[in-house]
Amino acid sequence: ARTKRITTIGITAVVALAVVGLIIFAVIQNQAPANAAYPPVDKVSCLSTEQSGTHIHAHVSIYINGTSTPIPANVGIAPDGSCLYWLHTHDSTGVIHIEAPSGSSATFGNFLDIWEQKFQQVGYPSQLSTATGWQIYVDGKPFTGDFHAIPLQSHTLITLAYNSPGVKPDTSYPWNGL
C-alpha cells in the first residue's frame with residue numbers, strides 16, 4: 001500500500017509539473033510583444049529580456065557570387081533596444097544567438113523570416129528567398145534539403161554558397177565559451 005501511495009504521489013507530482021510547464025510555455029509563446037512594431041514571427045516573440053531556458057549558438061557563413069556576405073549585427077534586436085527576438089545577432093561574425101524558452105526549437109528559416117520581415121533594412125540578400133542555386137553544408141557535410149529547414153542546435157555550422165563554386169564549408173569555429 002505504501003509503494004502504491006508513493007507511486008501515485010510521484011505520478012501526480014510529475015503530471016502537475018508538466019502541466020505548469022506547459023502553461024508557462026503557452027503564456028510566453030503568446031506574450032504581447034514589448035514593442036508593437038515587432039510582433040511574433042513564426043511564433044518567435046520579441047521580448048524585453050533574453051530567455052534563458054535554451055541558450056545555444058549556431059554559426060552561418062554565406063557566400064554570394066563568390067563573395068563572403070556577413071549576417072549583419074543586431075538582426076532580431078529592435079533599434080531602440082526595447083525588445084529582442086529569441087533568434088538574433090549581436091555582431092557580424094555569423095553567430096546566431098538562440099535564447100529561447102525551455103522546450104523551444106528553431107530553424108534557420110525562422111531566423112531568416114525574422115531578418116527578412118523585420119530587419120530587411122540591414123541588408124537582406126534577395127538570393128536567400130530562393131531555394132535553388134545554393135550549395136549547402138551543415139557541419140562541413142553537404143546538405144541536400146531546403147536550407148530553411150536546418151535545425152539551429154548548439155554549435156551547428158552552416159555554410160551557404162550561392163553561385164560560388166569552390167567554397168570550402170566550415171568545419172570548425174572558435175566558439176570561445178559560447
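A residue is called buried under 20% relative accessible area, exposed over 50% and partly exposed in between, with a 1.4 Å probe and protein chains only. The model is predicted: local features need pLDDT of at least 70, side-chain atom pairs count only at pLDDT 80 or more, and totals for chains, interfaces and linings use all residues. Residues are numbered from 1 along each chain as its sequence is written, and side-chain values use heavy atoms, without hydrogens and water.

**Exercise 1.** Determine whether phenylalanine 111 and tryptophan 115 are buried or exposed, and classify their ring pair.

Step 1. Phenylalanine 111 has 0% relative accessibility and therefore counts as buried. Tryptophan 115, also at 0%, is buried by the same criterion.

Step 2. Rings of Phe, Tyr and Trp (its six-membered ring) pair if their centres lie within 6.5 Å; planes under 30 degrees apart are stacked, over 60 edge-to-face, and the rest tilted.

Step 3. The ring centres of phenylalanine 111 and tryptophan 115 are 6.1 Å apart and the planes stand at 50°, so this pair is tilted.

Step 4. Both residues belong to helix 2, four residues apart, about one turn of the helix. Helices (H or I, at least four residues) and strands (E, at least two) are DSSP runs, numbered from the N terminus.

Step 5. Phe111 and Trp115 are members of one aromatic cluster, together with Phe108, Tyr124, Trp134, Phe147 and Tyr162.

**Exercise 2.** Classify the ring pair of tyrosine 85 and phenylalanine 119, and locate both residues.

Step 1. The whole structure contains nine aromatic pairs. In the pair of tyrosine 85 and phenylalanine 119, the centres are 6.2 Å apart and the planes at 85°, so the arrangement is edge-to-face.

Step 2. This pair links distant parts of the chain, 34 residues apart: tyrosine 85 is in strand 4 (residues 84-85), and phenylalanine 119 in the loop between helix 2 (108-118) and strand 7 (134-138).

Step 3. Tyrosine 85 is buried, with a relative accessible area of 0%, and phenylalanine 119 is buried at 1%.

**Exercise 3.** Which cysteines does the disulfide join?

Step 1. A disulfide is a pair of cysteine sulfur atoms within 2.5 Å. The structure holds one.

Step 2. The disulfide joins cysteine 46 to cysteine 83, with an S to S distance of 2.1 Å. The link of cysteine 46 and cysteine 83 is right-handed, with 90° about the S-S bond.

Step 3. Cysteine 46 counts as buried at 1% relative accessibility, as does cysteine 83 at 1%.
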